[in-house]
Amino acid sequence: MSSATHNPILVAIDTTDAEAARATIGRVAPHVGGVKLGLEFFNCHGIEGVARAAGTLPLFLDLKLHDIPNTVAGGVRAVAALKPALLTIHAGGGLAMMKAAVEAARETSPLTKILAVTILTSLDDGDLEALGYRDPVEAQVRRLAALAQQAGVDGCVCSPKEVAALRRQCGVDFLLVVPGIRPAGVALGDQKRVMSPRNAVEAGASYLVIGRPITEASDPAAAAADILASLA
């Protein structure tokens with residue numbers, strides 16, 4: 001956390017229902033530091049729909065862009081009007097692709113921070129082996145984070161299990177945005193590499209991406225407030 005007033009919670013809104021998304025965001029807004037909208041919502045509602053849903057909250061636009069450098073740079077420029085606080089690309093796209101994304105962001109939306117996704121939190125060592133990777137998850141995450149830092153990106157998306165190692169490797173100014181956050185007693189769902197909110201922050205997470213534990217709670221505002229209080 002960058003300061004005593006920093007709220008690291010980014011509420012993940014994973015729906016195509018624009019009215020429901022705006023209602024949930026409105027309820028939890030006082031207790032979160034920003035809103036994450038991704039492919040599901042963006043593909044359905046586009047730039048204008050994302051802007052309406054996010055309102056005045058800082059926007060984490062999670063598109064995970066992954067293509068040839070020129071195409072990814074074009075994708076970054078295409079969403080510049082949203083002025084997202086955070087925008088994701090895939091580290092697996094390589095050094096040139098990540099550099100192109102950073103350059104496009106600096107030209108069109110200078111306040112946007114580019115984040116490189118390392119290994120999805122739904123994957124574990126067995127999944128990587130099946131995909132042909134020789135190294136376990138943490139080694140691959142560290143390799144991709146080093147490449148991303150070389151490319152000039154502002155931070156990485158990683159699971160909470162790799163936060164401490166990446167904080168040591170990448171330094172205090174490198175953003176670590178962390179999904180796979182599950183408060184005690186909450187079902188894991190499709191996440192495999194998880195941690196509690198407080199433990200993730202103590203390990204060095206800059207932001208916590210939290211979806212279902214908030215959005216599927218009987219009282220989303222209370223759930224968000226409780227998580228924020230647990231970090232105090």
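1. First, a term: a residue is buried when its relative accessible area is under 20%, exposed when over 50%, and partly exposed in between, using a 1.4 Å probe and protein chains only. This is a predicted model, in which local features need pLDDT of at least 70 and side-chain atom pairs count only at pLDDT 80 or more, while totals for chains, interfaces and linings use all residues. Numbering starts from 1 along each chain as its sequence is written, and side-chain values use heavy atoms, with hydrogens and water left out.

2. Have a look at helix α3, residues 69-78, where V72, A73, G75 and V76 are buried. Down the axis of α3 the buried residues fall within an arc of 155°, so they line one face of the helix; the arc is taken from the directions from the helix axis to the C-beta atoms. As background, an α-helix has 3.6 residues a turn, so residues three or four places apart point the same way. The cover over those buried residues includes β3 (59-65), β4 (86-90) and α4 (95-108). Helices (H or I, at least four residues) and strands (E, at least two) are DSSP runs, numbered from the N terminus.

3. Now for D62, which sits in strand β3. D62 is buried, with a relative accessible area of 8%. Its side chain makes a polar contact of 2.7 Å with the side chain of K64, and another, also listed at 2.7 Å, with that of T88. A polar contact here is a pair of N or O atoms within 3.5 Å; within protein, one must be able to donate a hydrogen and the other to accept it, and residues adjacent in sequence count only if both atoms are side-chain atoms. Leaving out residues up to four places away in sequence, D62 touches K36, L37, G38, L39 and T88, where contact means heavy atoms within 4.5 Å.

4. On to the inside. The largest nonpolar core has 65 residues, and V35, L37, L61, I89, M98 and V153 touch the most other members. Helix α4 gives the largest share of this core, seven residues. Such a core is a set of buried Ala, Val, Leu, Ile, Met, Phe, Trp, Tyr and Cys residues joined through side-chain atoms within 4.5 Å. Neighbours within four places in sequence aside, L37 is in contact with I13, V50, A53, A54, L59, F60, L61 and D62.
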